Amino acid sequence: MLKISNLTTHYGASQALFGIDIEVAAGQVVTLLGRNGMGKTTTINSIMGIVPASGGAISFEGTELVGRPSFKIANLGLGLVPEGRQIFPNLSMMENLIATTSNHLKVSNPWTVERVFELFPELAIRQSSMGNLLSGGEQQMLAIGRALMTNPKLLILDEATEGLAPLVRQKIWAALTLIRNEGMSILVVDKNLSDLLRIADRNFIIERGKIVWDGTSDALRKDRDALHRYLGV
Ligand code: ATP
(Lines give C-alpha, C1' and ligand atoms only; values in the text may rest on other atoms or scores of the structure.)
Protein backbone atom coordinates (compact mmCIF):
# COMPACT_ATOMS: atom_id res chain seq x y z
CA MET A 1 0.00 0.00 0.00
CA LEU A 2 2.70 2.48 1.05
CA LYS A 3 6.27 2.10 -0.14
CA ILE A 4 8.92 4.60 0.90
CA SER A 5 12.20 4.22 -0.97
CA ASN A 6 15.46 5.99 -0.24
CA LEU A 7 13.67 9.02 1.25
CA THR A 8 15.86 11.98 2.14
CA THR A 9 14.66 15.18 3.82
CA HIS A 10 16.49 18.37 4.73
CA TYR A 11 15.70 21.35 6.93
CA GLY A 12 17.65 24.00 5.04
CA ALA A 13 21.26 22.84 4.96
CA SER A 14 20.71 20.28 7.71
CA GLN A 15 19.84 16.73 6.62
CA ALA A 16 17.34 14.85 8.83
CA LEU A 17 16.57 11.71 6.77
CA PHE A 18 19.32 9.74 5.01
CA GLY A 19 17.57 7.25 2.72
CA ILE A 20 14.54 5.80 4.55
CA ASP A 21 12.89 2.58 3.29
CA ILE A 22 9.53 1.60 4.85
CA GLU A 23 6.65 -0.54 3.58
CA VAL A 24 3.09 -0.83 4.84
CA ALA A 25 0.99 -3.63 3.35
CA ALA A 26 -2.80 -3.26 3.18
CA GLY A 27 -4.43 -4.22 6.48
CA GLN A 28 -1.18 -4.08 8.45
CA VAL A 29 -0.33 -2.15 11.59
CA VAL A 30 3.23 -0.90 11.17
CA THR A 31 5.21 1.02 13.78
CA LEU A 32 8.00 3.51 13.40
CA LEU A 33 10.15 3.36 16.53
CA GLY A 34 13.18 5.30 17.64
CA ARG A 35 14.50 7.61 20.32
CA ASN A 36 13.79 11.35 20.43
CA GLY A 37 15.06 13.36 17.50
CA MET A 38 15.81 10.36 15.28
CA GLY A 39 13.44 11.43 12.48
CA LYS A 40 10.03 9.84 13.13
CA THR A 41 8.00 13.05 12.81
CA THR A 42 10.10 14.16 9.85
CA THR A 43 9.31 10.86 8.10
CA ILE A 44 5.58 11.24 8.75
CA ASN A 45 5.57 14.90 7.73
CA SER A 46 7.45 13.97 4.54
CA ILE A 47 4.82 11.33 3.69
CA MET A 48 2.08 13.92 4.18
CA GLY A 49 3.90 16.62 2.19
CA ILE A 50 4.10 18.90 5.25
CA VAL A 51 7.90 18.87 5.04
CA PRO A 52 9.10 18.46 1.44
CA ALA A 53 11.23 15.42 0.67
CA SER A 54 14.52 16.28 -0.98
CA GLY A 55 14.98 12.88 -2.61
CA GLY A 56 13.61 9.37 -2.94
CA ALA A 57 10.11 8.13 -3.63
CA ILE A 58 6.91 7.59 -1.64
CA SER A 59 4.38 5.49 -3.47
CA PHE A 60 0.81 5.09 -2.16
CA GLU A 61 -1.18 2.48 -4.05
CA GLY A 62 1.05 3.20 -7.03
CA THR A 63 0.69 7.02 -6.90
CA GLU A 64 3.83 9.06 -6.21
CA LEU A 65 3.36 11.42 -3.25
CA VAL A 66 6.63 13.37 -3.39
CA GLY A 67 5.97 16.84 -4.81
CA ARG A 68 2.23 16.79 -4.12
CA PRO A 69 0.61 19.28 -1.73
CA SER A 70 -0.71 17.92 1.56
CA PHE A 71 -4.40 18.28 0.74
CA LYS A 72 -3.98 16.16 -2.40
CA ILE A 73 -2.08 13.53 -0.43
CA ALA A 74 -4.89 13.49 2.14
CA ASN A 75 -7.48 13.13 -0.63
CA LEU A 76 -5.71 9.98 -1.85
CA GLY A 77 -6.70 8.33 1.45
CA LEU A 78 -4.07 9.19 4.04
CA GLY A 79 -5.46 10.40 7.37
CA LEU A 80 -3.08 12.05 9.84
CA VAL A 81 -3.35 12.22 13.63
CA PRO A 82 -0.58 14.77 14.16
CA GLU A 83 1.87 15.10 17.01
CA GLY A 84 0.34 17.40 19.63
CA ARG A 85 -3.19 16.61 18.31
CA GLN A 86 -3.63 20.08 16.70
CA ILE A 87 -7.30 20.34 17.65
CA PHE A 88 -8.86 23.61 16.45
CA PRO A 89 -9.11 25.40 19.83
CA ASN A 90 -11.89 27.81 18.87
CA LEU A 91 -14.18 25.18 17.33
CA SER A 92 -16.42 22.95 19.38
CA MET A 93 -15.75 19.24 19.59
CA MET A 94 -18.56 18.58 17.08
CA GLU A 95 -17.31 21.32 14.73
CA ASN A 96 -13.80 19.83 14.85
CA LEU A 97 -15.27 16.49 13.82
CA ILE A 98 -17.49 17.66 10.98
CA ALA A 99 -14.90 20.12 9.63
CA THR A 100 -13.06 17.29 7.88
CA THR A 101 -16.03 15.18 6.76
CA SER A 102 -15.39 13.80 3.29
CA ASN A 103 -15.50 10.59 1.33
CA HIS A 104 -13.30 11.25 -1.70
CA LEU A 105 -12.76 7.55 -2.29
CA LYS A 106 -16.47 6.76 -1.99
CA VAL A 107 -15.93 4.02 0.57
CA SER A 108 -19.03 2.06 1.48
CA ASN A 109 -20.10 2.38 5.12
CA PRO A 110 -18.19 5.66 5.61
CA TRP A 111 -17.25 7.03 9.03
CA THR A 112 -19.93 9.28 10.51
CA VAL A 113 -20.19 11.30 13.72
CA GLU A 114 -22.35 8.47 15.12
CA ARG A 115 -19.69 5.84 14.37
CA VAL A 116 -16.98 8.00 15.97
CA PHE A 117 -19.18 8.32 19.09
CA GLU A 118 -19.61 4.54 19.15
CA LEU A 119 -15.83 4.19 19.05
CA PHE A 120 -15.30 6.90 21.68
CA PRO A 121 -18.45 7.30 23.82
CA GLU A 122 -16.52 9.87 25.89
CA LEU A 123 -16.84 12.31 22.99
CA ALA A 124 -20.62 12.04 22.70
CA ILE A 125 -21.15 13.90 25.98
CA ARG A 126 -18.74 16.73 25.10
CA GLN A 127 -20.19 17.80 21.75
CA SER A 128 -20.47 21.53 22.48
CA SER A 129 -17.22 21.87 24.46
CA MET A 130 -14.62 24.04 22.77
CA GLY A 131 -11.52 22.24 21.52
CA ASN A 132 -9.20 23.96 23.98
CA LEU A 133 -11.33 22.90 26.96
CA LEU A 134 -11.08 19.17 26.23
CA SER A 135 -8.72 16.97 28.23
CA GLY A 136 -5.63 15.52 26.55
CA GLY A 137 -7.36 12.14 26.21
CA GLU A 138 -10.50 13.69 24.72
CA GLN A 139 -8.37 15.71 22.31
CA GLN A 140 -6.55 12.58 21.17
CA MET A 141 -9.82 10.71 20.65
CA LEU A 142 -11.09 13.71 18.71
CA ALA A 143 -7.92 13.86 16.61
CA ILE A 144 -8.41 10.19 15.70
CA GLY A 145 -12.11 10.75 15.01
CA ARG A 146 -11.32 13.80 12.89
CA ALA A 147 -8.89 11.78 10.78
CA LEU A 148 -11.42 8.95 10.43
CA MET A 149 -14.06 11.43 9.20
CA THR A 150 -11.94 11.88 6.06
CA ASN A 151 -12.47 8.14 5.42
CA PRO A 152 -8.81 7.28 4.88
CA LYS A 153 -7.36 3.95 3.79
CA LEU A 154 -4.21 4.50 5.81
CA LEU A 155 -4.34 6.10 9.25
CA ILE A 156 -1.05 7.66 10.38
CA LEU A 157 -0.59 8.49 14.06
CA ASP A 158 2.36 10.51 15.32
CA GLU A 159 2.56 9.80 19.07
CA ALA A 160 -0.70 7.92 19.54
CA THR A 161 -0.80 8.08 23.35
CA GLU A 162 1.85 10.61 24.40
CA GLY A 163 1.17 12.21 27.78
CA LEU A 164 -2.04 10.25 28.41
CA ALA A 165 -3.03 8.41 31.59
CA PRO A 166 -2.78 4.59 31.45
CA LEU A 167 -6.56 4.11 31.36
CA VAL A 168 -6.95 6.52 28.45
CA ARG A 169 -4.02 4.88 26.65
CA GLN A 170 -5.78 1.53 26.90
CA LYS A 171 -8.92 3.08 25.35
CA ILE A 172 -6.86 4.41 22.43
CA TRP A 173 -5.19 1.02 21.85
CA ALA A 174 -8.56 -0.76 22.05
CA ALA A 175 -10.01 1.68 19.49
CA LEU A 176 -7.05 1.21 17.14
CA THR A 177 -7.42 -2.56 17.43
CA LEU A 178 -11.11 -2.27 16.50
CA ILE A 179 -10.30 -0.01 13.54
CA ARG A 180 -7.60 -2.43 12.42
CA ASN A 181 -10.00 -5.36 12.66
CA GLU A 182 -12.29 -3.49 10.29
CA GLY A 183 -9.49 -3.49 7.72
CA MET A 184 -7.81 -0.12 8.23
CA SER A 185 -4.07 0.05 7.60
CA ILE A 186 -2.18 1.95 10.30
CA LEU A 187 1.28 3.51 10.57
CA VAL A 188 1.93 4.50 14.17
CA VAL A 189 4.63 6.23 16.20
CA ASP A 190 4.54 5.82 19.97
CA LYS A 191 6.81 5.29 22.93
CA ASN A 192 4.75 2.63 24.73
CA LEU A 193 6.61 -0.29 23.26
CA SER A 194 4.76 -3.17 24.92
CA ASP A 195 1.35 -1.81 23.85
CA LEU A 196 2.60 -1.15 20.34
CA LEU A 197 4.16 -4.56 19.83
CA ARG A 198 0.90 -6.19 20.86
CA ILE A 199 -0.99 -4.73 17.90
CA ALA A 200 1.83 -4.37 15.33
CA ASP A 201 2.46 -6.68 12.38
CA ARG A 202 5.77 -5.09 11.49
CA ASN A 203 8.13 -2.62 13.14
CA PHE A 204 10.75 -0.27 11.74
CA ILE A 205 13.40 1.34 13.93
CA ILE A 206 14.89 4.66 12.88
CA GLU A 207 18.26 5.85 14.14
CA ARG A 208 19.73 9.20 13.07
CA GLY A 209 17.58 9.38 9.95
CA LYS A 210 18.13 5.79 8.77
CA ILE A 211 16.14 2.57 9.19
CA VAL A 212 18.43 0.25 11.14
CA TRP A 213 16.08 -2.65 11.97
CA ASP A 214 12.78 -4.04 10.75
CA GLY A 215 10.79 -7.12 11.58
CA THR A 216 7.81 -8.61 13.38
CA SER A 217 6.90 -7.88 16.99
CA ASP A 218 8.00 -11.39 18.01
CA ALA A 219 11.39 -10.88 16.38
CA LEU A 220 11.83 -7.52 18.10
CA ARG A 221 10.84 -8.86 21.53
CA LYS A 222 13.56 -11.52 21.15
CA ASP A 223 16.22 -9.14 19.82
CA ARG A 224 17.45 -7.78 23.16
CA ASP A 225 20.48 -6.24 21.51
CA ALA A 226 18.37 -4.13 19.11
CA LEU A 227 15.96 -3.15 21.91
CA HIS A 228 18.85 -1.99 24.05
CA ARG A 229 20.96 -0.40 21.35
CA TYR A 230 18.25 1.49 19.45
CA LEU A 231 15.46 2.00 21.97
CA GLY A 232 17.32 2.03 25.27
CA VAL A 233 15.21 -0.74 26.84
P1 ATP B 1 10.64 13.15 18.80
O2 ATP B 1 10.30 11.81 19.30
O3 ATP B 1 11.43 13.97 19.78
O4 ATP B 1 9.48 13.92 18.20
P5 ATP B 1 11.54 12.41 16.13
O6 ATP B 1 12.11 11.06 16.02
O7 ATP B 1 10.15 12.63 15.69
O8 ATP B 1 11.71 12.92 17.62
P9 ATP B 1 12.22 14.59 14.36
O10 ATP B 1 11.33 15.59 15.07
O11 ATP B 1 11.77 14.08 13.06
O12 ATP B 1 12.52 13.36 15.34
O13 ATP B 1 13.66 15.23 14.22
C14 ATP B 1 14.70 14.66 13.42
C15 ATP B 1 15.87 15.65 13.30
O16 ATP B 1 15.44 16.78 12.54
C17 ATP B 1 16.34 16.19 14.63
O18 ATP B 1 17.75 16.34 14.56
C19 ATP B 1 15.69 17.55 14.73
O20 ATP B 1 16.49 18.44 15.49
C21 ATP B 1 15.63 17.97 13.28
N22 ATP B 1 14.48 18.85 13.05
C23 ATP B 1 13.17 18.56 13.27
N24 ATP B 1 12.38 19.57 12.93
C25 ATP B 1 13.18 20.57 12.48
C26 ATP B 1 12.97 21.89 11.97
N27 ATP B 1 11.74 22.37 11.84
N28 ATP B 1 14.05 22.59 11.62
C29 ATP B 1 15.32 22.08 11.73
N30 ATP B 1 15.59 20.85 12.18
C31 ATP B 1 14.54 20.09 12.56
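A charge sits over a ring when NZ of Lys or CZ of Arg is within 6 Å of the ring centre and within 35 degrees of the ring normal. Arg146 meets this rule over the face of Phe88, at 5.2 Å from the ring centre. Arg115 lies over the face of Trp111, at 3.9 Å from the ring centre.

This is a predicted model: local features need pLDDT of at least 70, side-chain atom pairs count only at pLDDT 80 or more, and totals for chains, interfaces and linings use all residues. Residues are numbered from 1 along each chain as its sequence is written, and side-chain values use heavy atoms, with hydrogens and water left out.

Now the overall fold. The chain holds 10 helices and 10 strands; these are DSSP runs, with helices (H or I) of at least four residues and strands (E) of at least two, numbered from the N terminus. Its C-alpha atoms fill a box of roughly 45 × 35 × 35 Å along the principal axes.

Next, the ligand. Its shell counts residues with a heavy atom within 4 Å. Of the 13 residues around the ligand, Gly37, Gly39, Lys40, Thr41 and Thr42 come nearest. Helix α1, residues 40-47, gives the most to this shell, with 3 residues. By class, the shell has 3 nonpolar, 5 polar and 5 charged residues; Gly counts as polar, and Asp, Glu, Lys and Arg as charged.

A polar backbone atom of Met38 is 3.1 Å from a ligand oxygen. For Gly39 the distance is 2.9 Å. For a backbone N or O atom of Thr41, it is 2.8 Å. Taken alone, the ligand exposes 640 Å², and the protein buries 58% of that, by the Shrake-Rupley method with a 1.4 Å probe.

Conventions
A polar contact is a pair of N or O atoms within 3.5 Å; within protein, one must be able to donate a hydrogen and the other to accept it, and residues adjacent in sequence count only if both atoms are side-chain atoms.
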